[in-house]
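Me: I'd like to take a close look at a single part of this protein. Could you walk me through it as one connected story?

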Amino acid sequence: MFTPVRRRVRTAALALSAIAALALGATATTGATAAPAAAKQGPTSVAYVEVNNNSMLNVGKYTLANGGANVFDIAVIFAANINYDAGTKAGTLYFNPNVQSVLDNAATQIRPLQQKGIKVVLSVLGNHQGSGFANFPSQQTASTFAKQLSDTVTKYGLDGIDFDDEYADYGNNGTTQPNASSFVYLVSALRANMPGKIISLYNIGPAASRLSYGGVDVTSKFDYAWNPYYGSWQVPGIALPKAKLSPAAVQIGGTSQSTAASLAARTVSEGYGVFLTYNLDGTDRTADVSAFTKQLYGSAAVYTP
């Protein structure tokens, strides 16, 4: 059953309430060789792109006026899904037509970003079918899903996987509720499969609070974690160093420029190393982007169509 990926929109108010309650012919194995990017100093900038509506290439259209470096360092394809497989009674990887198109056209949708030095990561999201990262029925089923993920990274020449434990609707299709072991097994297997790739955590849902089991803590297996509530400041509840965390989160075009600037300034002043943005579209967003780049990097942004 195909269920379109739900558009993800959050506000600071929602955050407060939550706190309260190459194309295939090349079959790349390591991704494209990146051209040396212009150097910049400051936090790593992340851009999620809703590929149901927008092009991944938008991420490469922004540079800094001072020096010409890429504004964004990581581009996230939003999003693949974890669907329910009635045969195995566990989660299986699913691509809707828009995600599949991006992957199938990696030569024109992914490689141009990687050639600029931008990492491209695939986000994986629940799909209302009862399967999520936190309810695999066994270590083997978790490892099988991890292999599906790492095989996808290899096949399409991606730079990693992002976990977003939303919309799983645990319990649907007779599935179980979240357990303590599932996500630990999954992350452990994925890191073993792809030791040099990015694994990031969108810090929400049952999986995000289940990082330790049986004496194994997978915290150190993540490269990054970020706040999921746009327009707000919330330090992710994972014991990673500040250099790997984004307490700030902005929705481009949805978070005011003054708020984005304030969150960026706080990121720098408090010594955090990542700045998360969501929903970069095809509109010229120079003013919105410059609002945070001036604080993060001391430079306005330039948009090149």
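Which residues line the largest cavity?

Reply: Happy to! This is a predicted model, where local features need pLDDT of at least 70 and side-chain atom pairs pLDDT 80 or more, while totals for chains, interfaces and linings use all residues. Residues are numbered from 1 along each chain as its sequence is written, and side-chain values use heavy atoms, leaving out hydrogens and water.

The lining consists of V250, Q251, I252, G253, T255, S256, Q257, A260, D288 and F292. A cavity here is a set of points on a 1 Å grid where a 1.4 Å probe fits but cannot get out, and lining residues have an atom within 4 Å of a point. The largest cavity holds about 40 Å³ of space, counted as the space filled by probe spheres set on the points. Its lining has four nonpolar, five polar and one charged residues.

Strand β13 (248–251) and helices α7 (257–269) and α8 (286–297) each give the lining at least two residues; helices are DSSP runs of at least four residues, strands of at least two.

Those two helices also pack together: the axes of α7 and α8 lie 8 Å apart at an angle of about 20 degrees, so α7 and α8 are roughly parallel (angles under 35 degrees). The crossing of α7 with α8 is right-handed. Q257, A260, A261, A264, A265, T267 and V268 of α7 touch A287, D288, A291, F292, Q295 and L296 of α8, contact being heavy atoms within 4.5 Å. By class, that makes nine nonpolar, three polar and one charged residues.

Methods: On a 1 Å grid over the protein atoms alone, a cavity is a set of points where a 1.4 Å probe fits but cannot get out, and a pocket is an open set with protein on both sides within 12 Å along at least five of seven lines; lining residues have an atom within 4 Å of a point. Ala, Val, Leu, Ile, Met, Phe, Trp, Tyr, Cys and Pro count as nonpolar, Asp, Glu, Lys and Arg as charged, and the others, Gly among them, as polar. Axes are lines fitted to C-alpha atoms, for helices over the stretch in contact, and angles run from 0 to 180 degrees between N-to-C directions. Angles under 35 degrees count as roughly parallel, over 145 as roughly antiparallel, 65 to 115 as roughly perpendicular and the rest as oblique. A crossing is left-handed if the near helix is turned anticlockwise from the far one by less than a right angle, and right-handed if clockwise.
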